[in-house]
Amino acid sequence: DDQGRLSDWIEIINPTNERVSLQDWGLSDTDTNPFKWVFPYRVLAPGERIVVFASNQDRTDPSQSLHTNFRLRASGEPLLLTANDGRLIDRVRPVSLPPDISWGRTEANTATPISGFFLVPTPGEPNTEAIYESLDALAPTTVRINEIAMAGAQGLVDRDGHANDWIEIFNPGT
């Protein structure tokens, strides 16, 4: 952040073709208090991004970096963006994040953005790097559960001729 600390951060983008005032909009990590932290006067141009630090410092001077009055828990919690009239604009599901990995969406102006994890966080920049829908893609190549099916799955019966639940184990290594 602007103080040299490794702070949590939230990136917000204006995907519309209109300027949007964020004044009195809320950011929160709880559904019961959508205005836990409130934006000062700030207008986002079309396609513009803003990074807000979730540092628990509660800084709202628009001439400086913005800091919320809460931090994000690595174990995951909801994140809400609420318009000043009380409309929920966006709600991100709780996501558990390891260090140095970010969660986000591919470019917000696409018809159906994909959400997932970024190995290279890009605060304030377009989300164009490879995205992983699950951190499982980063797991070491060890034996793993590869596929499961419930009874009645076509094409696989046990030695007695019954279609049972089954689990496939896979070793992707050598």
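## Ile10 and its contacts

Ile10 touches Leu27, Ile50, Val51, Val52, Ala54, Phe70, Leu72 and Leu79, leaving out residues up to four places away in sequence. A contact here means heavy atoms within 4.5 Å.

This is a predicted model, in which local features need pLDDT of at least 70, side-chain atom pairs count only at pLDDT 80 or more, and totals for chains, interfaces and linings use all residues. Residues are numbered from 1 along each chain as its sequence is written, and side-chain values use heavy atoms, with hydrogens and water left out.

## The chain as a whole

The protein chain has 0 helices and 14 strands. Both kinds of element are DSSP runs, numbered from the N terminus: helices (H or I) need at least four residues and strands (E) at least two. Along the sequence, the pattern is β-β-β-β-β-β-β-β-β-β-β-β-β-β.

How much of the chain is buried? Buried residues make up 28% of its 174 residues. Buried means under 20% relative accessible area, exposed means over 50%, and partly exposed lies in between (1.4 Å probe, protein chains only). The chain exposes about 11,100 Å², and carbon and sulfur atoms supply 50% of that area. Accessible areas come from the Shrake-Rupley method with a 1.4 Å probe; for residues, only the protein chains shown count as cover. Among contacts between residues at least 6 apart in sequence, 42% join residues at least 24 apart.

## The largest nonpolar core

In soluble globular proteins, nonpolar side chains tend to be buried together. A nonpolar core is a set of buried Ala, Val, Leu, Ile, Met, Phe, Trp, Tyr and Cys residues joined through side-chain atoms within 4.5 Å.

The largest such core in this model holds 21 residues. Which members touch the most other members? They are Ile10, Ile12, Leu27, Trp37, Phe39, Ile50 and Val52. The elements that give two or more residues to this core are strand E1 (8–13), strand E6 (49–54) and strand E8 (79–82). E6 gives the largest share, 3 residues.

## A sheet of three strands

E1, E6 and E7 form an open sheet in the order E1-E6-E7, with mixed pairing. Two strands pair if DSSP finds at least two bridges between them. E1 and strand E7 (66–67) are the edge strands, and each pairs on one side only. E6 and E7 pair in the parallel sense over 2 bridges. Phe53 stands opposite His67 in E7.

## A sheet of four strands

Another open sheet has 4 strands, in the order E4-E3-E8-E9, and its pairing is antiparallel. Its edge strands are E4 and E9, each pairing on one side only.

Look at E8. Both of its faces are covered: Leu79 and Leu81 on one side, and Leu80 and Thr82 on the other, are all buried. E3 and E8 pair in the antiparallel sense over 3 bridges. Leu27 stands opposite Leu81 in E8, and Gly26 stands opposite Thr82. E8 and E9 pair over 4 bridges, also in the antiparallel sense. Here Thr82 stands opposite Leu88 in E9. E8 and E9 form a hairpin with 5 residues between them. Gly86, in the turn, has a positive phi of about 95 degrees.

## Salt bridges

How many salt bridges does the structure hold? There are 7. A salt bridge is a side-chain nitrogen of Lys or Arg within 4 Å of a carboxyl oxygen of Asp or Glu.

One of them joins Lys36 and Asp29, with the closest N and O atoms 2.7 Å apart. Lys36 is partly exposed at 29% relative accessibility, whereas Asp29 is buried at 9%. Asp29 sits in the loop between E3 and E4. Leaving aside neighbours within four places in sequence, Asp29 is in contact with Lys36, Phe70, Arg71, Glu77 and Pro78.

Asp31 and Arg91 meet in another salt bridge (2.8 Å, N to O). Asp31 lies in the loop between strand E3 (26–28) and strand E4 (37–38), and Arg91 in strand E9 (residues 88–92), so the pair ties together parts that are 60 residues apart in sequence. Asp31 is partly exposed, with a relative accessible area of 44%. Arg91 is partly exposed too, at 35%.

The side chains of Arg87 and Asp85 also form a salt bridge, at 2.8 Å from N to O. Arg87 counts as partly exposed, at 49% relative accessibility.
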